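Please have the model open alongside the text.

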Amino acid sequence: MTTDPTVPLFDTLTIIGPGLIGSSILRRALDDRRIARRLIACDISPEVRARVAELGIADGIEADPVAAARDADCVILCVPVGAIAMVAAQVMPVMKPGAILSEVGSVKKTVMDAMEPLLATCPDIAFVPAHPMAGTEFSGPDAGFATLFEDRWCLLTPPENTPASAIARITTLWEMMGARVRSMTVEHHDRVCAIVSHLPHLLAFTICGTADDLADETRSEVLDFAASGFRDFTRIAASDPVMWRDIFLNNREALLDMLDRFVADAQAMGNAIRTGNEDVIVSRINRGRAIRRSLIENRQA
């Protein structure tokens with residue numbers, strides 16, 4: 001979709017939940033007013049609303065999602081996965097015909113299942129789910145930055161019969177955010193994310209918990225002498241607990257499948273170490289090195 005540089009992609013863009021992702025969208029749109037003429041931020045927290053006002057990252061701030069969505073051309077839900085359908089049920093009945101509803105959750109199948117009854121009652125609203133594969137361990141309005149999505153993938157999972165024009169506009173939105181965009185089914189999305197995102201976070205939380213459960217003397221040494229590998233795990237483990245609780249529970253089938261595969265592979269590596277099988281050990285290390293090189297070449301590291 002091409003955009004006229006004199007006409008914004010959206011007249012009014014509403015972000016419900018200006019945390020890391022939501023505030024990064026707002027900051028990028030402030031830098032590039034071709035995205036939206038007017039930016040509305042909405043959050044139920046008075047502290048979050050006050051901070052958004054202090055940061056000056058929105059043209060208007062609302063406490064009520066209904067008020068925030070009423071005049072919007074596009075509403076993006078940047079709330080935990082477990083709350084997406086609940087907030088959607090509030091805003092969809094008041095959105096104007098032809099408006100687009102999107103969200104940025106890391107799990108899609110359970111969200112789509114919950115959204116189907118709502119979509120049937122609001123046929124004039126196009127629903128285009130998106131998942132920007134970008135983030136940090138920080139949260140809240142202060143965590144956002146305009147370049148968060150540069151060179152990162154944004155995965156779209158639009159339902160069948162979604163208007164092509166709506167998909168094109170959301171694609172353009174994310175391209176203007178600096179992202180690369182690809183569409184896929186919700187099932188495929190959830191399996192991909194289970195291995196590249198959800199399982200690594202599960203492992204990070206678990207490894208930090210294992211370290212914390214060690215005897216006091218050893219635990220102190222872990223914290224004192226943590227090497228880069230352990231520090232990388234603690235960075236991931238600093239992520240928002242409510243968000244990750246919802247992700248784990250909503251993608252449990254794909255995540256548990258990937259966890260079973262990982263446990264089998266970890267046991268195989270353990271057996272290779274136990275029996276001194278150097279070939280298996282070196283082969284696994286080389287495979288890891290190759291994956292890291294490919295990430296670097298693909299500008300994802």
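Where is T157 found? In this predicted model, T157 sits in the loop between strand 7 (153-156) and helix 6 (164-176).

Is T157 buried or exposed? With a relative accessible area of 1%, T157 is buried, because buried means under 20%. Leaving aside residues up to four places away in sequence, T157 touches K108, P129, M184, T185, V186 and H189. V282, by contrast, is 125 residues from T157 in sequence, and their C-alpha atoms are 38 Å apart in space.

Now to helix 11, which covers residues 252-275. After helix 11 comes G276, with a positive phi near 70°.

Which residues of helix 11 are buried? They are A254, L255, M258 and A272. These buried residues pack against three helices: helix 7 (186-212), helix 10 (241-250) and helix 12 (278-297).

Two of these pairings can be set side by side:

| Helix pair | Angle | Axis distance |
|---|---|---|
| Helix 11 and helix 12 | about 135° | 8 Å |
| Helix 7 and helix 11 | about 65° | 9 Å |

Let's take helix 12 to begin with. Helix 11 and helix 12 pack at about 135°, which makes helix 11 oblique to helix 12. Helix 11 passes helix 12 in a left-handed crossing. On the helix 11 side, the contact is made by D265, A268, M269, A272 and I273, while helix 12 brings V280, I281 and R284. Sorted by class, that contact holds 6 nonpolar and 2 charged residues, with no polar ones.

What is the handedness of the crossing of helix 7 and helix 11? This crossing is right-handed. From helix 7, the contact draws on D190, R191, A194, I195, H198, L199, L202 and L203, and from helix 11 on A254, L255, D257, M258, L259, R261 and F262. By class, this contact of helix 7 with helix 11 has 10 nonpolar, 1 polar and 4 charged residues.

A254, L255 and M258 are buried, and they take part in the contact with helix 7. A272 is also buried, and it belongs to the contact with helix 12.

Conventions. Residues numbered from 1 in each chain as written. Predicted model: local features only at pLDDT ≥ 70, side-chain atom pairs only at ≥ 80, totals over all residues. Heavy atoms only, no water. Helix = DSSP H or I, 4+ residues; strand = E, 2+ residues; numbered from the N terminus. Expected span 1.5 Å × (residues − 1). Buried < 20%, exposed > 50% of the residue type's maximum accessible area, 1.4 Å probe, protein only. Contact = heavy atoms within 4.5 Å. Axes fitted to C-alpha atoms, helices over the stretch in contact; angles between N-to-C directions. Parallel < 35°, antiparallel > 145°, perpendicular 65-115°, else oblique. Left-handed = near helix turned anticlockwise from the far one by under 90°. Nonpolar A, V, L, I, M, F, W, Y, C, P; charged D, E, K, R; others polar.
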